[in-house]
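Me: Hi! I am new to reading protein models, and I would like to go through one with you step by step. Could you look at it with me?

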Amino acid sequence: MVKVFANCMDYELYHDESKEGGFWHGMLLVPIDKKHKLLGLLYQAREDTNYTEPISIKKVKAQNRIYDCADSLVQIGVASLMSRTKGQPHPIFLGKRDRGKKQYSLFEGVIGAKFILLCERDNLKEMSSHPDYGSKVETTFRMGLKGGLHLIGNPDEGIHIEKMHFDGHEHYARHLDRDRIVGRLVGLRNYCSISSSDDLIDDRTGNHKKDNCQKYDDCQLLQLIDLLIGCFRTVLGTATRPIHTNLSYPVKIIVDRYREGYARMQNSR
């Protein structure tokens, strides 16, 4: 599928999954022209917290440097989803502390990232007709992607996906099947499109300490989506540790507003 709609913005998609309390797909769509701004904030948070190791929600176990880094990254990720500022900068914690007090920076402007979440509550167990585990993931990802694009896109704000990043193919015991993900994606509305390039999908690991990982920038965004999907799962379903409830507070604010209704969500930032 090629870009066919005039008002499309180009995005890169970052995907991760969780198997706690169902099978969760999380997809973060980052506008390519704002990617550098988002990465700059993520790098500043890592520098301020002095944490450079790969990070995931599973590593967040106590109030320590890992928590501070994850806390900063989650706040940045949530702020990146804002579609407008209402003329007011948004405070985000970037990890600096002065005599035990958190020091906040101001998030200005709009990145306009988008987030899609799908939970298959039976943890893929009912998909008995599929040949392997990877095909179940590919099929449910395709379902979530199509529904999500239709929901968050519109004729005035089209979405074109130029690249897809998945966090490692090893647990599928094979590389991801482009045809099952994109070739079978039929009925996509004309304000949504996906690149036809041969290298559309990168399914190398998002752990920047491993050999043959994705680019360092892309690893950081894959680690961000790991944190975001863990926080959404904590708020909407299953929390694996009590401390994750604290970490997920910025996400809870989004979910609470969403539950108040479409009109309330439209009036928020």
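Me: Is Phe115 buried or exposed?
Reply: First, a word on the model: it is a predicted one, where local features need pLDDT of at least 70, side-chain atom pairs count only at pLDDT 80 or more, and totals for chains, interfaces and linings use all residues. Residues are numbered from 1 along each chain as its sequence is written, and side-chain values use heavy atoms, leaving out hydrogens and water. Buried means under 20% relative accessible area, exposed over 50% and partly exposed in between, with a 1.4 Å probe and protein chains only. Phe115 has a relative accessible area of 15%, so the residue is buried.

Me: Which residue forms a stacked aromatic pair with Phe115?
Reply: Rings of Phe, Tyr and Trp (its six-membered ring) pair if their centres lie within 6.5 Å; planes under 30 degrees apart count as stacked, over 60 as edge-to-face and the rest as tilted. The structure holds three aromatic pairs. In one of them, the centres are 4.6 Å apart with 15° between the planes, so by the cut-offs the pair is stacked, and the partner of Phe115 is Phe232.

Me: How many residues apart in sequence are the parts that this pair ties together?
Reply: Helices (H or I, at least four residues) and strands (E, at least two) are DSSP runs, numbered from the N terminus. Phe115 sits in strand 5 (residues 114-120) and Phe232 in helix 5, so the parts they tie together are apart in sequence by 117 residues.

Me: Is Asn50 buried or exposed?
Reply: Asn50 belongs to the loop between helix 1 (35-49) and helix 2 (65-79). Its phi is near 55°, a positive value in a residue other than glycine. With a relative accessible area of 52%, Asn50 is exposed.

Me: Which residue's backbone nitrogen does the side chain of His25 reach?
Reply: His25 is found in strand 2 (residues 23-31), and at 0% relative accessibility it counts as buried. A polar contact is a pair of N or O atoms within 3.5 Å; within protein, one must be able to donate a hydrogen and the other to accept it, and residues adjacent in sequence count only if both atoms are side-chain atoms. At 3.4 Å, the side chain of His25 reaches the backbone nitrogen of Phe141.

Me: Where is Asn212, and is this residue buried or exposed?
Reply: Asn212 lies in the loop between strand 8 (201-202) and helix 5. Its relative accessible area is 57%, so Asn212 is exposed.
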